[in-house]
Amino acid sequence: MKTRMWSWAVMAWVAWAMAAHAAQPAYPAKPIRLIIGSAPGSGPDIIARLLADQLYGVWGQRVVVDSRPGVAGIISAELALRAERDGYTWMMLTSQLFVATSVYPDLKFNLDKDFSSVSLIGTVPFVQMVNPQVPAKTLPELIALAKKSPGKLRYGSAGAGASEHLCGVMFTRLTGTDMLHVPYKGIPQAIADTLANEVQLTYAVYPAALPHIQSGRLRALGVTTPKRSPALPNVPAIAEVVPGYAMFGWYSIVAPTGTPDAVLNKVDAEVVKAAKAPAFGEKLKVLGIDMVGGGRKELDSFRSAERKRITELVKAAGVEIK
């Protein structure tokens, strides 16, 4: 009798567990929030919206892009960490925020510990662009102009400590020039003021730079990657004129640490699949993105290598935010 009752109890428990599991909605059961630390119209915003459209076609659930620019992406990280660890809040981790966490003191978070890797989407060059009124059509001419008038040329960035700022610091230090850095709350504002000649040059990732280069309203002088970008074959790499110069942007998806592994693995699989889809890949290729499509382990390794590289770069450049 006891054995029979025990068997019934076990079967009842199994039935309850199966029913409870079946009752759990499949992920995702509601819209997902993707926080980016850049302004609308920036490279991360463009990539995020393309990815959101791609995933909507797979899941039938919206990925809502939430733009929270400011302090080189730090605001977006602080906001993401206040969210529930249920898989419905992601953050786009970019080179901009990564650089910022190497130069800003007293942060309220540890980027390396507080965010779990999901997937690495791809890398992209920054483009050095000048207002056409600047009497420099080549990199050597820009360097000569800067040396002739120390402190007169101004360059804009997405904020103190942002990747664009570091691009400018590297350029001035390696060329022995003096240019005034003007920080903005996002790269679109820096581009707008470059168009107006309020600042004479700026650096922007290829997707954000392309429309202004194509229209002729800004002149591309160089790309920041060690070699020329296939997307801009006629624009020299800055390293061709300034040996040792190298910088690039990148895009990845992370989630607050504590998000269930099962959810992270599912998101990882779908984002990687999306990144490797031919149609999506072609859209990003047009935007100058060098596709990676790496999963959680690949992004973990990439972040570790980048932390070492960026830390050494910031130290060598002497960038410090007080």
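**Entry 1: surface.** I looked up the accessible surface of the protein chain and found about 15000 Å². Carbon and sulfur atoms hold 57% of that area. I note that the model is a predicted one.

**Entry 2: overall build.** Of the 322 residues in the protein chain, 55% are buried. I then checked the contacts with a separation of 6 or more, and 79% of them are between residues 24 or more positions apart.

**Entry 3: charges.** I recorded 35 positive and 25 negative side chains in the protein chain. The centres of these two sets lie 1 Å apart.

**Entry 4: Tyr184.** Tyr184 sits in the loop between β7 (180-183) and α8 (187-195).

**Entry 5: surroundings of Tyr184.** Leaving aside residues up to four places away in sequence, I found that Tyr184 touches Gly156, Ser157, Ala158 and Gly159, and also Gln189, Ala190, Asp193 and Val199. With one of these, Asp193, the side chain of Tyr184 forms a polar contact of 2.6 Å. I also looked up Val71, which is 113 residues from Tyr184 along the chain. The C-alpha atoms of Tyr184 and Val71 are separated by 9.0 Å.

Terms used. Residues numbered from 1 in each chain as written. Predicted model: local features only at pLDDT ≥ 70, side-chain atom pairs only at ≥ 80, totals over all residues. Heavy atoms only, no water. Buried < 20%, exposed > 50% of the residue type's maximum accessible area, 1.4 Å probe, protein only. Contact = heavy atoms within 4.5 Å. Areas by Shrake-Rupley, 256 points an atom, 1.4 Å probe, with all protein chains shown as cover. Lys, Arg positive; Asp, Glu negative; His and termini not counted. Charge placed at Lys NZ, Arg CZ, Asp CG, Glu CD. Helix = DSSP H or I, 4+ residues; strand = E, 2+ residues; numbered from the N terminus. Polar contact = N/O pair within 3.5 Å; in protein donor to acceptor, adjacent residues only side chain to side chain.
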